[in-house]
Amino acid sequence: MSSPQHPPGANPERDSTPPKRPESDPAAPVLILAAHPDLAHSRVTRALLSAVHGMPSVRVRDLYALYPDYSIDTHAEQEALRDAKLLVWLHPMHWYGMPALMKLWVDEVLSVGFAYGNSGHALHGKDLWLVTSTGGSAHAYSAGGYNHHPVEDFLLPYAQTAALCGMRFVPPLLLHSAQKASNEEIQAHARRFVEGLQELPEWCDRQPEPAQEEVPTEDRPATQEGVPV
Ligand SMILES: Cc1cc2nc3c(=O)[nH]c(=O)nc-3n(C[C@H](O)[C@H](O)[C@H](O)COP(=O)(O)O)c2cc1C
């Protein structure tokens, strides 16, 4: 699986030293939420972060660096989302889903009244791009492989989370067989990532506006006051 139709020519070649967090414009339209519990030993995620270093349209929030104690500043995260047009979730696949801190971010930041529910429209109309890598090969993610299912089946919760919040779920960018990938393959993957970031905001503008799913009141969690939002 790859992102749709990229323009050629981007050159994100960088060395593989850990990227410094870029100084970024708080109103930059692309917000990357990076979540890798061991970034120092990452090859793929680290290469992708290096590739976007310094892109003026891009802000990066490295969740494990920001919240090593797992104590997420929900207000700061929600504020960071407001000006984003394209939200990127960048993480390795861990146990067929997202790493633990990313999941906690989803639980706490995409709250009722903010991301869904009566007044929860903060994300409506934004685009969500999942950029991930798997240890398993493309064959492993097929009916005949040891995971028995195509990788898209494991991504259903992402797609539905986007739908519930009124976000467009952009076709994910994936790298399979990540541990075996050569440096050249990883750099080619990083180029596709940069090209996607350059093209996606305009590509998304040409797609139909996503609808936001309605969650019945009785299915929503109660607020502290016990009142559904
Ligand atoms: C705790 C853990 C769980 C993992 N679970 C999966 C998995 O469910 N499916 C899979 O294909 N690879 C799995 N992997 C392999 C990672 O996805 C792979 O190492 C990663 O994408 C490589 O990216 P990186 O170089 O940024 O670490 C897992 C790795 C770890 C450490």
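Helices and strands in these legends are DSSP runs, with at least four residues (H or I) for a helix and at least two (E) for a strand, numbered from the N terminus. On that basis, the elements of the protein chain in this predicted model follow the order β-α-β-α-α-β-α-β-α-α-β-α from the N terminus on.

**Figure 1. Overview of the protein chain, with seven helices and five strands.** The protein chain has 229 residues, of which 49% count as buried. Among its contacts with a separation of 6 or more, 82% are between residues 24 or more positions apart. The accessible surface of the protein chain comes to about 11,200 Å², and carbon and sulfur atoms account for 53% of that surface. A search of the whole structure for salt bridges returns seven, and several of them are taken up in the views that follow.

**Figure 2. Helix α1, residues 44–52, and the elements that cover its buried residues.** Helix α1 is mostly covered, since nine of its nine residues are buried, a class that requires a relative accessible area under 20%. The buried residues run through V44, T45, R46, A47, L48, L49, S50, A51 and V52. Their cover includes the strands β1 (30–34), β2, β3, β4 (127–133) and β5 (168–175), together with helix α7. After α1 comes G54, which has a positive phi near 90 degrees.

**Figure 3. The buried salt bridge between E77 and R61.** The closest N and O atoms of E77 and R61 are 2.6 Å apart. This pair links distant parts of the chain, with E77 in helix α3 (residues 74–82) and R61 in strand β2 (residues 58–62), at a separation of 16 residues. Both partners, E77 and R61, are buried.

Figure 4. R82 counts as partly exposed because its relative accessibility is 43%, a value between the 20% limit for buried residues and the 50% limit for exposed ones. E79 likewise counts as partly exposed, because its relative accessibility is 38%.

**Figure 5. The salt bridge of D205 with K85, and the network to which these residues belong.** The closest N and O atoms of D205 and K85 lie 3.0 Å apart. The pair links distant parts of the chain, with D205 in helix α7 (residues 183–205) and K85 in the loop between α3 and β3 (86–92), 120 residues apart. D205 is exposed, because its relative accessible area is 54%, whereas K85 is partly exposed, because its relative accessible area is 28%. Salt bridges link K85, D127, R168 and D205 in a network.

**Figure 6. The surroundings of the ligand, made up of 17 residues.** The closest of the surrounding residues are H36, T45, M93, S133 and Y141. By class, the shell consists of seven nonpolar, nine polar and one charged residues. One oxygen atom of the ligand lies 2.8 Å from a backbone N or O atom of R43, and a nitrogen atom of the ligand is 3.0 Å from a polar backbone atom of G135. Y141 takes part through its side chain, in which an N or O atom is 2.7 Å from an oxygen atom of the ligand. Taken alone, the ligand exposes 640 Å², and the protein buries 73% of that area.

**Figure 7. Two tyrosines with positive phi values, Y70 and Y96.** Y70 lies in the loop between α2 (63–66) and α3, and its phi, near 65 degrees, is a positive value in a residue other than glycine. Y70 counts as partly exposed because its relative accessibility is 37%. Y96 is placed in the loop between β3 and α4, with a positive phi near 60 degrees. Y96 also counts as partly exposed, because its relative accessibility is 35%.

Figure 8. D107 is partly exposed, because its relative accessible area is 45%.

Technical notes
Residues are numbered from 1 along each chain as its sequence is written. This is a predicted model: local features need pLDDT of at least 70, side-chain atom pairs count only at pLDDT 80 or more; totals for chains, interfaces and linings use all residues. Side-chain values use heavy atoms; hydrogens and water are left out. A salt bridge is a side-chain nitrogen of Lys or Arg within 4 Å of a carboxyl oxygen of Asp or Glu. Buried means under 20% relative accessible area, exposed over 50%, partly exposed in between (1.4 Å probe, protein chains only). A residue is near a molecule or strand if one of its heavy atoms lies within 4 Å of it. A polar contact is a pair of N or O atoms within 3.5 Å; within protein, one must be able to donate a hydrogen and the other to accept it, and residues adjacent in sequence count only if both atoms are side-chain atoms. Accessible areas come from the Shrake-Rupley method with a 1.4 Å probe; for residues, only the protein chains shown count as cover. Ala, Val, Leu, Ile, Met, Phe, Trp, Tyr, Cys and Pro count as nonpolar, Asp, Glu, Lys and Arg as charged, and the others, Gly among them, as polar. Contact means heavy atoms within 4.5 Å.
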